[in-house]
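Let's take a walk through this protein together. Keep the sequence and the 3D view side by side as you read.

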Amino acid sequence: MLSTSRDPIVAIATAPGRGGVGIVRLSGRGLAPFSQALLGRALKPREATYLPFTDAQGQPIDHGLALWFPGPHSYTGEDVLELQGHGGPVVLQLLLARCLEVAREAAPTLRPARAGEFTERAFLNDKLDLAQAEAVADLIDASTEAAARSASRSLAGVFSDRIHGLRDALINLRVLVEATLDFPEEEIDFLQKADAIGQLQRLQEALAGVMAQARQGALLRDGLQVVIAGQPNAGKSSLLNALAGAELAIVTPIAGTTRDVVQQTIQIEGVPLHVVDTAGLRDGPDVGDVEKMGIERAWDRIRQADAVLFLHDLGQQASDAYRTADAAIAASLAASVPQSVPVLHVWNKLDQVDAEIPKALCSQPHTLAISARHGTGLQALRQRLLELAGWQQHGGDGLFMARERHLQALRRVQEHLGSAHELLLARAEHLDLLAEELRLGQQALSEITGEFTADDLLGEIFSRFCIGK
């Protein structure tokens, strides 16, 4: 939950474990006396000073750099002190303990920072808006180069600028409607003269463009959950290994080798795809309890998938029993997977059959023939996965990072503008309702940048940050 406390805070700001450099960061109002007590000297603003970090007896804990950023010209908008030393975990813990020890007299309210509290304060002190603050975490968590670049653009304010542009256009439209409500006796039709319908249509078009880019940004951030499903020995583990370029899953001709899910994140054109290999789907008296558990887990992952690759064995297509089992799996997939989740039928072991066989099988939509062992068709499969994800191949440049929260807010804006358009066509009979729809649309936009946001949402967002950031 969001805290209104303004106590000074301290935390180790570098990742756990050993490293070449470790940082202890402090933030708060009026930290200058504490800095003087801790370091024994005053520091020049924004200038690195090399000095010993000493314990209570004056013995050095470490030697490193101290940087002083007096507020409001700092990351948090408060006084910020950074102590940069060697990255050993014991050294950093000693330095953190020394800060808390000195604070007993020089800054009695100093306390360890919560997760994300430094960035939270930057938001509360208007150094960042909420979308930019979220981009800080997204930049840290980025799993691909494209995701990192998009998060950097959001941090620089690209996404926020687009939202502000939509908000300003919406405010202008609200002004026109409110003016008509306030002066109904005027002969001039403000809305018609100002081309309110045209303004609203242009606003809807601009919103559609932002939504399209936001969906791409959300895809870069969250990726796509792709589950490989099929009968035993169809080549699921081989396909995962081929896509990942590493031997992640054990491959044998023995049915039931894969007993649990194996997951690997790969990237295609910068888009992270979380590919999941599952246990072979089958039934029968020879299926043991452990394998049954693996099959149950496979169905659990299938139900959660964003896309399913239903893998078939081309070499088994002459077997009636195999085709019957495939049909049973297809029926179960249809019952378990929502219609919005695409199922791609992938015919594997192309290298083992006559070339005419896959041509007949792949004449249907959403089908593809490959050889996981030899890599035949894998590039086509990768491109098909991007299509399933909804990725626009040349949309990477200029993209900003977005989250599902942003998409939900933008969808609400779209709904309110749609309702406003219908009301606007009805002219003066429903202007009060029109004004309310526009107000609600502006409120939804403001939630994205944090101008209108509940404290519990802020607490949820910042609690997902790492300690020290």
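A residue is called buried when its relative accessible area is under 20%, exposed when over 50%, and partly exposed in between (1.4 Å probe, protein chains only). Helices (H or I, at least four residues) and strands (E, at least two) are DSSP runs, numbered from the N terminus. This is a predicted model, in which local features need pLDDT of at least 70 and side-chain atom pairs count only at pLDDT 80 or more, while totals for chains, interfaces and linings use all residues. Residues are numbered from 1 along each chain as its sequence is written, and side-chain values use heavy atoms, with hydrogens and water left out.

Let's start with strand β10 (307-313). Seven of its seven residues are buried, so β10 is largely enclosed by the rest of the structure. Both faces are covered: Ala307, Leu309, Leu311 and Asp313 are buried on one side, and Val308, Phe310 and His312 on the other.

Now look at the sheet around this strand. Strands of a sheet pair through backbone hydrogen bonds, either parallel or antiparallel. Here, two strands count as paired if DSSP finds at least two bridges between them. Six strands make up an open sheet with mixed pairing, in the order β8-β9-β7-β10-β11-β12. β8 (262-268) and β12 (367-369) are at the edges with a single partner strand each, so one side of each has no neighbour in the sheet. On average, neighbouring strands here are turned by 25° against each other, direction ignored; axes are lines fitted to C-alpha atoms, for helices over the stretch in contact, and angles run from 0 to 180 degrees between N-to-C directions.

Which strands pair with β10? On one side, β7 and β10 are parallel and share five bridges, with Val226 opposite Ala307. β11 (residues 343-348) also runs parallel to β10, joined by six bridges, and His312 stands opposite Trp347. To get from β10 to β11, the chain passes through helix α11 (residues 320-336) in a right-handed β-α-β crossover. Right-handed means that, with the strands pointing away from the viewer, the path from the first strand over the helix to the second runs clockwise.

Contact means heavy atoms within 4.5 Å. Another helix, α8 (residues 196-222), lies across β7 (224-230) and β9, at about 50° to β9.

Finally, let's turn to charged side chains. A salt bridge is a side-chain nitrogen of Lys or Arg within 4 Å of a carboxyl oxygen of Asp or Glu, and the structure holds 25 of them. One joins Arg403 and Asp138 (3.0 Å, N to O). This pair links distant parts of the chain, 265 residues apart: Arg403 is in the loop between α13 (378-389) and α14 (404-425), and Asp138 is in helix α4 (residues 130-141). Both Arg403 and Asp138 are buried.

Other salt bridges lie within a helix. In α5 (residues 145-155), Arg149 and Glu145 are four residues apart, about one turn, and their side chains meet at 3.1 Å, N to O. Glu145 counts as exposed because its relative accessibility is 53%.
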